[in-house]
Amino acid sequence: MDEAAEQQPRIPGVKYRKVVRYRKQITVIDGVASTRLAPYDDWEPVPPREWDELILRGVTGIAITFTAVAIVGGTASIGGLLGPLVPSAIAYGMGSVFAVAWLYCIGIEWLNRTAPERARAAKIAGWFFLLLSMGAVYAYGHTLNAPWAGGFGACIDLVAKGSWWLLLREYAVPLDPDVAHWVNEQEQKLAGRALLTGRVRRLNRREAYQRAVGGVEYQAAGAILASAETARQSLPQAAPAPAQAPVVAQAPAPPVAPAVQFTKGPLVAPAAPAPAPPPAAPAPPAAAPAAPAAPQAAPADEQAGGGEEQDPAPPTDITRPGIAAICREAIKADPKVTDAALLASVLAYGHAKRSNLPDTVRRTAQRIDPSRKAS
């Protein structure tokens with residue numbers, strides 16, 4: 001079966017052109033098949049001519065021609081103007097800078113044709129360089145006593161620049177603010193990724209070089225840094241700053257800084273103010289023998305969180321509450337709590353068990369609740 005499809009009928013008014021196509025042709029002899037590509041003629045429709053595209057290509061070619069003439073003419077004029085000052089090769093090289101400068105600005109405008117704000121600086125600089133080039137050409141004509149010729153020669157640069165300006169307006173399409181913002185974000189992401197890629201590549205290259213030439217010193221430095229990082233990661237995490245509940249001294253004494261108790265777990269600073277301290281002269285009923293020494297011992301007990309005992313815990317354990325705070329919370333929860341229960345609560349919070357700890361807990365509880373009886 002022939003694989004080439006039948007040609008469709010031609011449409012009136014549509015131009016066609018002949019093309020050569022290929023199709024498979026199978027030949028079988030003695031049961032052995034052979035396939036080859038056989039050429040055949042076909043007709044395909046010709047699309048209409050794109051006049052807009054042709055015109056655009058034409059004006060682009062004209063602009064390029066104007067620019068070439070302007071560069072050559074400007075270079076010759078400015079080179080002749082600077083010839084008496086510097087060698088001819090350098091003078092003509094300097095002359096080409098003026099025209100190439102505004103052509104360079106046109107290239108920047110083309111790259112930013114969809115972002116007028118970014119292209120504005122290049123546009124202003126391009127017109128400034130154009131004025132310099134025109135002024136130089138006119139000055140050359142004036143030195144030859146031909147100011148009119150210099151003026152017309154200077155206008156060649158203006159014509160070339162103007163042709164490019166009109167051509168850029170044809171291609172420039174201002175974007176909607178939302179679309180421009182989206183494009184700007186995408187460009188920033190790509191630019192950031194490219195910058196980061198370059199930095200990482202440079203760091204990897206430097207690391208490879210140091211590894212190759214560093215020798216024993218480089219390996220020793222790497223081991224030191226690795227051990228320091230391991231030690232830093234093994235350190236305990238710093239505890240969050242606990243809430244601080246100031247406690248007012250309960251007996252008049254020499255100026256002593258108010259004790260600060262650090263709470264832990266369910267302990268919370270009491271909402272109501274601390275009860276009024278008892279008079280300094282009378283002693284609590286249950287501790288009559290120790291009444292004379294009570295005014296001097298009370299501030300020290302309150303400041304140290306329990307008097308004689310000092311927790312042997314390391315200074316980093318600042319979250320453990322004092323004995324006074326533990327007793328206050330327990331008495332607030334149960335006014336009839338026993339001294340044994342208070343002692344168990346103090347030991348449960350990690351305070352060291354000492355011989356005088358029960359007496360310290362009992363006296364602290366009596367200061368908190370003067371009406372309390374020893375149990």
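The largest nonpolar core in this predicted model has 14 residues. Trp102, Ile106 and Trp164 have the most contacts inside this core. Four elements, H1, H2, H3 and H4, each give two or more residues to the core. The largest share, five residues, comes from H4.

Leaving aside residues up to four places away in sequence, Trp102 touches Thr67, Ala70, Gly126, Phe129, Leu130, Asp157, Ala160, Lys161 and Trp164.

There is also a second, separate core, with 12 residues. Among them are Ile323, Val337, Leu342 and Ala365. In soluble globular proteins, nonpolar side chains tend to be buried together.

Now to helix H1. Which residues of H1 are buried? They are Leu56, Ala63, Thr67, Ala70, Gly74, Thr75, Ser77, Ile78, Gly79 and Leu82.

Next comes a helix pair. H9 (residues 339–348) packs with H10 (residues 357–368) at an angle of about 110°. Their axes lie 9 Å apart. An angle from 65 to 115 degrees counts as roughly perpendicular, so H9 and H10 are roughly perpendicular to each other. Their crossing is right-handed. On the H9 side, the contact is made by Asp339, Leu342, Leu343, Val346 and Leu347. H10 brings Leu357, Pro358, Val361, Arg362 and Ala365.

Definitions and conventions: Residues are numbered from 1 along each chain as its sequence is written. This is a predicted model: local features need pLDDT of at least 70, side-chain atom pairs count only at pLDDT 80 or more; totals for chains, interfaces and linings use all residues. Side-chain values use heavy atoms; hydrogens and water are left out. Buried means under 20% relative accessible area, exposed over 50%, partly exposed in between (1.4 Å probe, protein chains only). A nonpolar core is a set of buried Ala, Val, Leu, Ile, Met, Phe, Trp, Tyr and Cys residues joined through side-chain atoms within 4.5 Å. Contact means heavy atoms within 4.5 Å. Axes are lines fitted to C-alpha atoms, for helices over the stretch in contact, and angles run from 0 to 180 degrees between N-to-C directions. Angles under 35 degrees count as roughly parallel, over 145 as roughly antiparallel, 65 to 115 as roughly perpendicular and the rest as oblique. A crossing is left-handed if the near helix is turned anticlockwise from the far one by less than a right angle, and right-handed if clockwise.
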